[in-house]
Amino acid sequence: MNMSEYVSGIINDIRERKMQALREYSQKFDGYSGDFLVTEEEINESEKEIPYSDIKVIEETYKRIYENHVKQMQYNNFSFKNSSMYGIIYRPINRIGEYIPGAKPLPSTVLMISAPAKIAGVRDIIITSAPVNGKINPYILYIAKFLGIREIYKIGGIQAIAAMAYGIGMKRVDKIFGPGNLYVNEAKRQVYGDVGIDGLYGPSEICVLADETANMEYLISDLRSQLEHGKTSRSWIVTNNKKIANAISDENIEVKIFDTIQECIDCVNDIAPEHLEILTKNPLDIVDKIENAGAIYIGEYTPVPSCDYFTGVNHLLPTGKTSRFSSVLTVTDFMKKISFAYNSRNDFMENRYLGIRLAEIEGMPLHKNSMEVRK
């Protein structure tokens, strides 16, 4: 089966037959044939299914995420020269969609996407998630309620991406956020351009750069933690210490051993991992030399799971070597940058010769005239 053709076939079918196709695929893949929009009653009932202690965990975790991300907020930025004004205007995206896996629910991802979205000022946030036995995970519903998100749909997989991108069964969104399986990623890739996407998140990755000072128990538990996500997850230990390398018996952990720390650093930059833990004597000396990583965590008490959940940094990160050119999810991913300029007459008249000559070089007489015609 060609995955690209398979996914495009479903997307095109949904675009053409709309709700009829959406219902058919929902029944086929999720075993669900009811109403897609979650009712207020279902949202409100979710609180009864969650222990009060877990509600406090959710609230405190959100507070930590919010406090960390609010510092990233960008405001309009202008500079002035010769009575002219130039700069960047920041505007929030109007409407976003969160794809939250349903078969293996990730409630923490709702927090990680929604916090920066709300800080940025996104007006409408919707959630799609595959129902299990006709229901969405109560933790997802409660977190949505806690955050004031009321538009939640029982739709998963490729069909959810198509529905959000093309407004099938809902108002279309401007940008889609959230991780998914290979089919969801391919669907996101195919709808990009008609709608924005946050990125293409692949299997989870962890790389630990360690020297002889690393605690072996901590190191091995961290390396194994990300393999829990699935069979395609990746785990590397990069070290200059033979004792550490020889102690790794798990065949799912890839061992890279070098003579020097600099060679280890070069290897890490080549791997460009999603998560990088540095467990060395002087980790801060190494941080400045790391060029490619989705996230860098240093010290014995910053394991990847702590940052996945409660530290407050975002856990939506580039995978599959894409940290060479892409970044962790931040508040600015929910904002558009609009270029702004105001030329004073004096500044324009004094400097238009630059534009006139460039228009001549590029063979654009009408561009040239637009500048020359002004008196």
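The model described here is a predicted one, and in it H315 sits in the loop that runs between α13 and β13 (335-342).

**Surroundings of H315**
- Apart from its neighbours within four places in sequence, H315 is in contact with S108, T109, M112, E274, C307 and D308.
- With T109, the link is a polar contact of 3.1 Å between the two side chains, whereas with D308 a polar atom of the H315 side chain lies 2.8 Å from the backbone oxygen.

**The five-stranded sheet**
- Five strands form an open sheet in the order β5-β4-β3-β6-β7, and their pairing is parallel; β5 (151-153) and β7 (196-197) are at the edges, each with a single partner strand, so one side of each has no neighbour in the sheet.
- Strands β3 (residues 95-99) and β4 (residues 124-128) pair in the parallel sense over five bridges, and E98 has I127 in β4 as its bridge partner.
- Helix α7 (residues 157-166) packs on this sheet, where it touches β3, β4 and β6 (175-177), and its direction makes about 180° with that of β3.

**Helix α9**
- In helix α9 (residues 216-225), the buried residues are L219, D222, L223 and S225; they cover an arc of only 160° around the axis, which puts them on the same side of α9.
- The elements covering these buried residues include β8 (205-210), β9 (234-239), α10 (242-247), β11 (275-279) and α13 (304-309).
- At the start of α9, a side-chain oxygen of N215 comes to within 3.0 Å of the backbone nitrogen of E217.

Notes. Residues numbered from 1 in each chain as written. Predicted model: local features only at pLDDT ≥ 70, side-chain atom pairs only at ≥ 80, totals over all residues. Heavy atoms only, no water. Buried < 20%, exposed > 50% of the residue type's maximum accessible area, 1.4 Å probe, protein only. Helix = DSSP H or I, 4+ residues; strand = E, 2+ residues; numbered from the N terminus. Arc of directions from axis to C-beta. Contact = heavy atoms within 4.5 Å. Polar contact = N/O pair within 3.5 Å; in protein donor to acceptor, adjacent residues only side chain to side chain. Pairing = 2+ DSSP bridges. Axes fitted to C-alpha atoms, helices over the stretch in contact; angles between N-to-C directions.
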